[in-house]
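Here is a short briefing on one protein chain. Keep the sequence and the 3D view open as you read.

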Amino acid sequence: MTVPWRRGAGDITYKEREDLTLRPRSCLQSTEQGDHNQFKELYSVGKLTVLATDPLLHQDPVQLDFHFRLTPQTSTHWHGLLCDHRLFLDIPYRALDQGNRESLTATLEYVEEKTNVDSVFVNFQNNRNDRGALLRAFSYMGFELVRPDHPALPPWDNVIFMVYPLERDLGHLPSEPP
């Protein structure tokens with residue numbers, strides 16, 4: 001089954017079964033007030049397209065979806081929730097594949113350059129078969145393990161969180177030229 005996302009001159013398609021991960025519970029709770037299928041394109045350059053449920057101008061949590069085109073027929077997909085200068089990303093299945101690593105790099109570059117996010121948290125179920133490989137790979141990329149009782153984390157059971165703190169130049173905002 002494919003699901004089209006309308007954008008400009010073309011469509012973004014992805015295989016729903018392979019690319020959708022367990023939605024963060026906060027995403028589900030934050031979208032109950034409105035239609036969570038009404039994503040709007042925020043950004044599209046090269047292979048990366050960023051979609052959001054709401055404008056990023058207010059303080060409410062906003063669901064972000066990052067689509068990264070691997071080939072004309074396939075893309076990888078990261079689900080996210082932006083809340084209080086923090087971005088929470090679900091780690092998709094097959095996250096260690098080359099395309100997913102490239103898409104994470106593009107996602108982190110977007111977040112650092114175009115948002116006011118201070119920390120990017122990735123999360124995955126602690127019973128995943130690839131848990132050890134994920135911990136090693138994300139540690140190598142600069143993510144740090146977060147203790148389960150950390151006050152910035154949502155109260156999810158059986159989830160491992162890792163954080164990537166973004167270094168900010170305090171002299172300018174992300175939308176201003178350096």
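The points below cover confidence, the sheet, a helix and the cores.

This is a predicted model. The largest nonpolar core has 28 residues.

**Confidence**

- The mean pLDDT of the protein chain is 75. Of its residues, 70% reach 70 or more.
- Confidence is highest in strand E9, at 96. It is lowest in helix H1 (residues 16-19), at a mean of 27.
- Residues 1-36 have pLDDT below 50. This stretch still has 73 contacts in the model beyond near neighbours in sequence.

**The sheet**

- Strands of a sheet pair through backbone hydrogen bonds, either parallel or antiparallel.

**Strand pairs to find**

- Strand E4 (residues 48-52) and strand E5 (residues 62-69) run antiparallel, joined by five bridges. Ala 52 has Leu 64 in E5 as its bridge partner.
- E8 and E10 also run antiparallel, with seven bridges between them. Asn 123 stands opposite Phe 161 in E10.
- E9 pairs with E10 in the antiparallel sense over three bridges. Val 146 stands opposite Phe 161 in E10.
- Five of the seven residues of E10 are buried, so this strand is largely enclosed by the rest of the structure.

**A helix across the strands**

**The nonpolar cores**

- In soluble globular proteins, nonpolar side chains tend to be buried together.
- Which residues have the most contacts inside the largest core? They are Phe 66, Leu 87, Val 120 and Phe 138.
- E4, E5, E6, strand E7 (86-90), helix H3 (98-114), E8, H4 and E10 each supply at least two residues of this core. H3 gives the most, with five residues.
- Leu 87 touches residues including Leu 64, Phe 66, Val 111 and Val 120.
- Another core, of nine residues, lies apart from the largest one. Among its residues are Val 146, Trp 156, Phe 161 and Val 163.

Technical notes. Residues numbered from 1 in each chain as written. Predicted model: local features only at pLDDT ≥ 70, side-chain atom pairs only at ≥ 80, totals over all residues. Heavy atoms only, no water. Pairing = 2+ DSSP bridges. Helix = DSSP H or I, 4+ residues; strand = E, 2+ residues; numbered from the N terminus. Buried < 20%, exposed > 50% of the residue type's maximum accessible area, 1.4 Å probe, protein only. pLDDT = per-residue confidence, 0-100. Contact = heavy atoms within 4.5 Å. Core = buried A, V, L, I, M, F, W, Y, C linked by side-chain atoms within 4.5 Å. Lists of a residue's contacts leave out its neighbours within four places in sequence.
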